[in-house]
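User: I'd like to learn how to read the packing in a helical model. Could you take me through one, feature by feature?

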Amino acid sequence: MKEDRIEEMFKTLEGSFDTKEPEAGHEQRFLKKLSNENGVVRLIPKKNSWWRPLSIAASIMLLFAVGASLYTNQPSIDEQLAEISPEVSQTQFYFASLIEEQVKELENESTPETKKLVDDAMVQLNKLEINYKKLEQDLLNGGNSKLILSAMITNFSTRIDLLQEVMDQIENIKTFKNYDDENITI
């Protein structure tokens, strides 16, 4: 039905299209009229627009300044925890340094035989760290502080236990490998 309408429209307009070639020299006359500035109206006057890039740069600098002031005015999570309870901050520092030591020791003990075990332990430690960060936020947001502090300590304890268990398994693997090597040489 739409095709019929379109065909009807073209049939009614059939003789009214201008299909004649322009006269010779048309292009030269057209170009001459374009190049002639008399009577030609410019739609957009040219201006020195040096202020536009300058205003954009000033806006960007203003945004950076506001962002920097917001960033520097907010105390860190550790500072906020220290305000809530200095004991929490000290405990966190103690446990974090202990865990960091054990992680370094674990990484030093990594061998091709224990690589998968170490990698899995690191994944679990990262999950526990993410969980701990959520607990910190809950504490700062005013949750049940005794319950959250208990969960934070449990989180640290779980990480230490995990690291100790992995170190024990690595020692067992080393012992088993040494035992195997001794039996092969006999």
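Predicted model: local features only at pLDDT ≥ 70, side-chain atom pairs only at ≥ 80, totals over all residues.

User: What is the tilted aromatic pair here, and how are its planes set?

Analyst: The structure holds one aromatic pair. Its members are Tyr132 and Phe156, with 4.6 Å centre to centre and 50° between the planes, and that makes the pair tilted. Tyr132 belongs to helix H6 and Phe156 to helix H7, 24 residues apart, so the pair links distant parts of the chain.

User: Is Tyr132 buried or exposed? And Phe156, buried or exposed?

Analyst: The cut-off for buried is under 20% relative accessible area. Tyr132 is at 2%, so it counts as buried. Phe156 counts as buried too, because its relative accessibility is 4%.

User: Which residues are buried along H6?

Analyst: The general idea first: an α-helix has 3.6 residues a turn, so residues three or four places apart point the same way. In H6, the buried residues are Val118, Ala121, Leu125, Leu128, Tyr132, Leu135, Glu136 and Leu139.

User: How far does H6 reach, and what span is expected?

Analyst: From first C-alpha to last, the 26 residues of H6 reach 37 Å, close to the 38 Å expected at 1.5 Å a residue. Just after H6, Gly142 has a positive phi of about 90°.

User: How many residues are in the largest nonpolar core, and which have the most contacts inside it?

Analyst: As a general idea, nonpolar side chains in soluble globular proteins tend to be buried together. Here the largest nonpolar core has 18 residues, and those with the most contacts inside it are Ile99, Leu106, Met152 and Leu163. H5, helix H6 (115-140) and helix H7 (145-185) are the elements that give two or more residues to this core. H7 supplies the largest share, eight residues.

User: What does Ile99 contact beyond its neighbours within four places in sequence?

Analyst: Leaving those neighbours aside, Ile99 is in contact with Phe156, Arg159, Ile160 and Leu163.

User: Where is Gln102, and is it buried or exposed?

Analyst: You'll find Gln102 in helix H5 (residues 86-108). Its relative accessibility is 15%, so Gln102 counts as buried. Not counting residues up to four places away in sequence, Gln102 touches Ile160, Leu163 and Gln164.

Notes: Residues numbered from 1 in each chain as written. Heavy atoms only, no water. Helix = DSSP H or I, 4+ residues; strand = E, 2+ residues; numbered from the N terminus. Buried < 20%, exposed > 50% of the residue type's maximum accessible area, 1.4 Å probe, protein only. Contact = heavy atoms within 4.5 Å. Core = buried A, V, L, I, M, F, W, Y, C linked by side-chain atoms within 4.5 Å. Expected span 1.5 Å × (residues − 1). Phe/Tyr/Trp six-rings, centres within 6.5 Å; stacked < 30°, edge-to-face > 60°.
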